[in-house]
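Hello,

Here is the structure for your files. My notes on charged side-chain pairs follow below it.

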Amino acid sequence: MEDVCEGKEFSFPLEEKKVLSFWTQIDAFKTQLKRTDNCEEYIFYDGPPFATENEIDRKLNIKRRDQVLEMGIDKYNEECRSIVARYVEEWEKIITRTGRWIDFSNGYKTMDLSFMKSVWWGFAQLFDNNLVYRGFKVMPYSTGCKTPLSNFEAGQNYKDVVDPEIMVTFPVIDDQDNAAFVAWTLPSNLALCVNAKFVYLKVRNNNTGKVYVVAESRLSSLPNDKPKAETAGDTKKVKGAKPNSEENSYQVLEKFNGASLVGKKYEPLFDYCNDFSSVAFRVVADDYVSNDSGTGIVHCAPAFGEDDYRVCLENKIINKGENLVVAVDDDGFFTERITHFSGLYVKDADKDIIKAVKAKGRLVKSGSFTHSYPFCWRSDTPLIYRAVPSWFVRVEQLKEKLLENNDKTKWVPKYVKDKRFHNWLENARDWAVSRSRFWGTPLPIWISDDGEEVVVMDSVEKLEKLSGVKVFDLHRHHIDQITIPSSRGHEFGVLRRVEDELFEKNFPGDFVAEGLDQTRGWFYTLMVLSTALFDKPAFKYLICNGLVLAEDGKKMSKKLMNYPPPLDVIDEYGADAVRLYLINSPVVRAEPLRFKKEGVLGVVKDVFLPWYNANRFLVQNAKRLEIEICRSFVPSNLATLQSSNVLDQWIHSATQTLVKDVHEKMDEYRLDTVVPLLLEFLDNLTNIYVRFNRKRLKGRTGKDDCHTALSTLYNVLLTSCKVMTPFTLFFTETLYQNLRKVCEGSEESIHYCSFPQKEEARGERIEESVKEKKKIIELARNIRNRKSDKRQEQLPLKTPLKEMIVVHPDAEFLDDITGKLKQYVLDELNVRSLVICNDTLKYASLKAVPDYSVLGKRLGKSMGFLAQEVKKMSHQDILKFKETKEVTIANHSLKLTDIKIVRDFKRPDGLKDREIDAAVDGEVMVILDLREDESLKNEGVAREIVNRIQKLRKKSCLEPTNFVEVYFESLDMDDYVVQRVLCSQEQYIKEKIGSPLLHCTLMPPDVVIISDESFELKESKFSFKISLARPALKFNEEALLALYSGDVKFATRLQTYLLSRDHSNLKSEFQAGDGKISVSCIEKLPVVTVVLGEHIHLTVGDYLLSKKST
């Protein structure tokens, strides 16, 4: 494996670009496709780049529909085609940079002939199955452009306008009081609508004597006339009426619910629609009628309101597919049917209509109000809602099948399917597929001028056969001019294509993902088409995404520039970090996300840097081991790797748990649960396995044990990389390319590797014990960090403690803690001894506390008294309650879920608060003896010295493989105390720094100092200097003289030669020669054999150790 730089020097974006070049070099995508050519296909949907006509219209400054016709549909559509090509180019750039492998050369676009042909085929199937009919749809309509608009377009240009607000009467036929309904109206009114759940009143105006019907909650909307005189006779006053209020102005004659009004007939305001009188001019009911404005009675003109149309259709006032009276033409002028206002623009006719109403004596109230109103974004003219001809798919008759097919699918999150989407299907309306646009897939319908003959094309071949024209493209400018002869004869003319179009995708798939808004869009149309065409769902699994918002919570807007450009974020932090940030966010649970760059940076810090550092630690220590064993590090594979070390067994089991959990979560498409699994695993890997195994990984427990530990770490990193490759495709490739260098026969790319398989046998017991061990360590740290009145200062980990007691009822768990895991716990917490206890009451007293969150709602006012009684429970009462699992207090039966049993620390007699402390979590209690003695102080000083040495190494930019000798010099006048500390802690310091701590008097005169620094330990009042030096040879001069029979010059020349040699090469020669080397290259000197340990020591530390051993 190659050396790797420090994490702070590692550029994730730069490495990703290197990976992209590597994938291009090996043609990774195509190679991977070839390797999986015989595997089962996995089909998923992805929305392609798209261009809206809005953008084209802005570019070409098109304001009206006739401008397109003047320009020519062919030229307009080619402009659309060019912008799609531009979007594709931008899309490819972003998709490639994020690491997605897409076959752009074979991608589909909705403008491609193959796609358009499939749409024609699908529509023809629907038509042949009698699922298509012609009707009307009420849509936002621009009179300036003479075209309907989409809801998106209609919402682009709202303005505050002043419009007239009037109320008119509709006399109720055969009403004994000559009552009249009160509402606003249009000349083409066909019905009045009430809310069946509302209460309505029949009231008489005390001034005029006129009788009106209004909703009780909207009585205040009627004009407040002051009575000239008191009305004679009995009147029914409204309770709480105020002077001169509507309650005083009106006498309540009758009160009834809205449902009782349904079916009542009324006199229309105008006679323009008298041909509908047999079914129209009656009261209907619907929940869309609200009581926040108006009179609680809404007029219905089915050609000019979506709810109006729906309600009149449901109540059989109009019928599907029949010609609808649309009394306004394409320019927004009333037609000849509206005789009094014919030729007037609808918005200009308001004053004339009000005048006519007043002349009829039907005006109740008039005024004006200001409100926000939609305008056409092109022509800047006010929009109207107008029924336009449309082709429909009969969705309502498919409702039951749609609901059945929806039940067969699995969604993330599930509630979107069960609630939002289910409810949408439950209330599904027939689907209007027509669009009055120029660019897109035209409807394949040819119809005769009299409308009697309709032919639907299911293929290009059919059109070519019937028309005799060769067809190469299905866009409008290529086929609008194509006609086909009538099958009824020449006298019936020809059939022409209708001027509408359809957009849709209709292919089944395993997986689909899109935004929450697509429950009423793409998800819905997919389900409708698949049900209608194939009687099965369109997909098996679906992930519903929420909306990614700007940091301020607003929608991302190019105009506001309230979000950073995506590629800029990727170039700063990397695509993997952005991807993991999004996957770990609420957005994959259909919830909104406020995008923050800091969140992406957090992923780099919390995920990638710890992961990278674990890999770097492996590489560094593998390199160090290679120097020691004089050969390349080759890890043992999982099949042959056998280790008795508990942490090796644990991390292997934890890795397999990661594999199992990711398998399960991915099978459920729960992307949001994967990152927490990885974070927990990385925490275990870096803060437990690597941290507690440093001695082994650094070779201080022997070369064989070091190889086993490094092999374990290698296999864990390799497996975790394979598990996380679908999420972090660049980073795992970077790590893998280095890891595979020591693994013969490995795949060329990690993306060629199979996903790790789950192992049945795992060490669940040891995983649970380590988990509890983490809890013990956390509790002990909490005790150390705790301050109180008795203990003013915290006890940092560098301060050694004498004893820790762990209390737990599970004897098996206590065995683990005192057995395999004991030393790890003691080392981590800097405690000398560990005592266990399974008597949970030896150091604790029990206290009962009511669970207010559970009991509060249930008991209400009785809660206070019961809480006092629960707190009074004695020790014996609590023990009995734990045994019986039930107790009756104040006539209330309480279960274990109602009362919390709390263990309070019971301090042993004779000890003070500052001398002992405890922490509890569930069944575990940890107790620390906080008293210190002289030996503990010495340990603390030793840890401080080691800490300073490690910091100086880091400051000097030394790698773990860089061996140096460490010299210590006391700067105190009296160094007796510090020398005593060093003597007592000699072995500890040697284990921590990897070599003996040398007194400065042992420093050779020719030593090379790398760096040195002076330190002061204020608490211990010690001052000292640490020097880091290159390893220096130490000669046994008497033994060297003996090699040359006492010849000093020869011995000196031998020393000079050995000092000139590279230290590491010299060490390797001694290792290869089993501790001996032969020197024959010194001119005029006899050949001699130099023995390590007899004639020379490679370091001063080796010399000191050999001297002590003898």
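The count comes to 59 salt bridges, a salt bridge being a side-chain nitrogen of Lys or Arg within 4 Å of a carboxyl oxygen of Asp or Glu. This is a predicted model, in which local features need pLDDT of at least 70 and side-chain atom pairs count only at pLDDT 80 or more, while totals for chains, interfaces and linings use all residues. Residues are numbered from 1 along each chain as its sequence is written, and side-chain values use heavy atoms, with hydrogens and water left out.

Asp571 and Arg97 form one of these salt bridges, at 3.9 Å from N to O. Asp571 lies in helix 16 (residues 566–573) and Arg97 in helix 5 (residues 73–98), 474 residues apart, so the pair links distant parts of the chain. Helices (H or I, at least four residues) and strands (E, at least two) are DSSP runs, numbered from the N terminus. Asp571 is partly exposed at 40% relative accessibility, whereas Arg97 is buried at 8%. Here buried means under 20% relative accessible area, exposed over 50%, and partly exposed in between (1.4 Å probe, protein chains only).

Glu254 and Lys202 pair at 3.6 Å, N to O. Glu254 is partly exposed at 35%; Lys202 is buried at 5%.

Asp705 and Arg696 meet at 3.0 Å, N to O. Asp705 is partly exposed at 26% and Arg696 buried at 5%.

Finally, a network of salt bridges links Asp286, Asp307, Arg310, Glu314 and Arg429.

Regards
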